[in-house]
Amino acid sequence: MPKAAILLSGESVQDPFYTKTKRKKASQFIRFDAWLDSSLYDFFQSLGRGYQTFSDIMAKFKVTGFRRLVVELVSDGLSFFAMGLVLMTALALPSFYATASGEFNQAEDYSVTFLDRYGNEIGRRGIRTDDSVPLETLPSYLIQAALATEDRRFYDHFGIDLMGITRAMITNVRANSVVEGGSSITQQLAKNLFLSSERTFERKIKEAFLALWLETHYTKDQILKLYFDRAYMGGGNFGVAAASEYYFGKKVQDISLAEASMLAGLFKAPTKYAPHVDLAAARGRANEVLTNMVQAGFLTEGQVTAARRAPATPVERTNEINSPNYFLDWAFEDVKKLVANERNSVSFIVRTTVDPVLQSHAEDSVNSILREEGQAYRVSEGAMVVLEPNGAVRAMVGGTDYGKSQFNRATNPERQPGSSFKPFVYATALESGRFSPDTVIADAPICIGDWCPRNYGRSYSGRVTLKNALRRSINTVPVRLSQSTGRGPIAELAHKMGIENDFPVTRSLPLGVISTSVIDMASSYAVFANGGYRAKAYGISRITTLRGETVYDARELPAPERVLSEKTVIGMNEMLRSVVTAGTGRRAEVPGTPASGKTGTTQSYRDAWFCGYTGNYVAAVWYGNDNYSRTNNLTGGRLPAQTWQKFMAYAHSNVDIKELPGADFTRIEDPALANGGVGEDGEPVLQRPPSLTPRAGEKLRDLQRLFNQLHTSIEADNDPDSQRHAAIDVDRGATDL
């Protein structure tokens, strides 16, 4: 077909060798890159033009010559000042942290004064401190002595005495040694309240900042009062009031000028200058303090002459009262737990439950028995705890000689009770309701696996009552009872009654193969004496601060929990009474009292016990050796029962004898005077002297305090221009301390 014909037909024919090419669009990334390059170029160009303009302007203010020196010095000074502020802030941060809590350092220990049940002091533990004396009542010459020796410009500086530091540095350089300190009283107080005694540059920096903090938060008089209360004065004493009592046996308000100078000399080096350590050094230091007072203008040479010629003499402290030290050690541990959350004081007055008369006789009972028969039985140690049925500890003997050994055997929970544990087994049986004292049970050989317990005499009695079995301390019967009741309930009841330490529940549990303490055994037996109520032993009745604020009062404790039913208590009293009247504890019988209890002897005769009670008192006695060596066949019915009887006979004289439900006894109106006051051995019967009740003793002490206040008031009225008032006027003028 011709080409023209093809075109006329309206159809187009594509060239097979022709390829259509599309035009590509410009990349967005290239556009952004171009914009960024141009923007940066324009920015740096503008920056350059701006810097050139600034340089042209500043060139007009160019400083030369002397003015440039001034400008450079001021500029550098401001720079260093700014850096100094930053550095000071960094150094002050630890001080800020120290004061953030608002609490001062706790003293190294507590200061506890112990009183007996009648309110008489029986000993002390911990440090001695007294912060109850107001500053205005301190002798003026004591204040002057401290200021003259430690910080003469105390009322003039802002916490850091720059002049004093400079003077101390010059003095030390001349002496080529450290002979004078530059710390102010405020700085020393800062160290006592917030820091340790380490001698480092860091501590001195903290001390300075803390001194400034004290000056801004307290008045000068408040700082001085804190200083007098918190400074260590040697001998475990903190503060001038406690030191005065300890060194001179008098109140700080009553000390003389010589005694005040000796106290003021202790601030620098309390251990070195303590009068009970080196009296000559203490007197030499006191003489220096008197010289400082004259140089400071507080006193004249004539006024200090008498103090120089008659220096202070500390009281002799070797003949202190014979304290119940084992009891105090135990009570002190309890005190620290009871006052652990007390933040306002570290000094406490603790009224205890101990009776000094009973304590003395308990110690005599143990020691005399050991002296008489200890060697024959090869036994060297004994312990005894006496309670009232409510748990109040009246006496505690932790060993024969506290000076030789402070180990308290009365509270050591590592001794086996032996047969004295059997009452827990019998009480569990009675509590189950399936047994009574008259229940008959077989005393015959018994084995649990490969363990076959035997009786003490290797013989068996056949069918016996529970009462008879306990009286004779038969071993097979409590084992059979444990099979009936289960050993778990026995262990549970023992813990409820007072055994505090854990012990394994084994086959030998009914025979007392556990570890316990004398005090826990006494607490447990008290449940029988008080009608079935838990009676945890306690030795603290009240704790107060020196200001009289009550911290703890035993009378506010909840009522005791009932552990045994009344029926069980009556049954146990009946059975344990028979142990004393006709069983293994006959040597514990006390005429005219319902004495009840149980003996205990462990394997190889390592431990011998007697735990017993009356309606008035509960006591547990133990004898043994510290190295657990065996004794010479000592049983609980020998020395322990004899000791218990000796003490109880004394304790129950001149007192009303209380009855025990279920325990039969014949009352004697005056057992101490039986047979004309002569015992079976022909010796006079020792009687307990009648004593005041705690309330009567408190009345007498209140009366004594009133007389003391009246005496002080009369003295003040008769001597209004005393040396103390005159010295205050000289020292401060019209300014009150």
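Predicted model: local features only at pLDDT ≥ 70, side-chain atom pairs only at ≥ 80, totals over all residues.

Student: OK, how many helices and strands in the protein chain?

Tutor: There are 24 helices and 14 strands, taken as DSSP runs numbered from the N terminus (helices are H or I with at least four residues, strands E with at least two).

Student: And what share of the residues is buried?

Tutor: Buried residues account for 45% of the 737 in the protein chain. Buried means under 20% relative accessible area, exposed over 50%, and partly exposed in between, with a 1.4 Å probe and protein chains only.

Student: What about contacts between residues at least 6 apart in sequence, how many join residues at least 24 apart?

Tutor: That comes to 71% of them, with contact meaning heavy atoms within 4.5 Å.

Student: Switching to helices: how many residues of α4 are buried?

Tutor: In α4 (residues 140-150), 11 of the 11 are buried, so the helix is largely enclosed by the rest of the structure. Among them are Tyr-141, Gln-144 and Glu-150.

Student: How do α12 and α13 pack?

Tutor: Helix α12 (residues 279-295) meets helix α13 (residues 301-309) at an angle of about 170°, and their axes are 10 Å apart. That makes the two roughly antiparallel. The cut-offs are under 35 degrees for roughly parallel, over 145 for roughly antiparallel, 65 to 115 for roughly perpendicular, and oblique for the rest. Axes are lines fitted to C-alpha atoms, for helices over the stretch in contact, and angles run from 0 to 180 degrees between N-to-C directions.

Student: Which residues make that contact?

Tutor: From α12 you have Asn-287, Leu-290, Thr-291 and Val-294, and from α13 Glu-301, Val-304, Ala-307 and Arg-308.

Student: Where does Lys-220 sit, and is it buried or exposed?

Tutor: Lys-220 belongs to helix α8 (residues 220-230), and at 16% relative accessibility Lys-220 counts as buried. A polar atom of the Lys-220 side chain lies 2.9 Å from the backbone oxygen of His-157. Beyond its neighbours within four places in sequence, Lys-220 touches Phe-154, Tyr-155, His-157, Gly-159 and Glu-215.

Student: And Asp-355, where is that?

Tutor: Asp-355 is in the loop between β5 (347-352) and α15 (356-374), buried at 0% relative accessibility. A polar atom of the Asp-355 side chain is 3.0 Å from the backbone nitrogen of Val-357.

Student: What about Glu-207?

Tutor: Glu-207 is in helix α7 (residues 201-217) and is buried, at 2% relative accessibility. Its C-alpha is 9.0 Å from that of Thr-186, 21 residues apart along the chain.

Student: Last topic: how many disulfides turn up?

Tutor: A search of the whole structure gives 1 disulfide, meaning a pair of cysteine sulfur atoms within 2.5 Å. Cys-447 and Cys-452 form it, with sulfur atoms 1.9 Å apart.

Student: Why is the disulfide called right-handed?

Tutor: Because the torsion about the S-S bond of Cys-447 and Cys-452 is about 110°. Cys-447 is partly exposed at 46% relative accessibility, and Cys-452 is partly exposed too, at 39%.

Key: Residues numbered from 1 in each chain as written. Heavy atoms only, no water. Polar contact = N/O pair within 3.5 Å; in protein donor to acceptor, adjacent residues only side chain to side chain.
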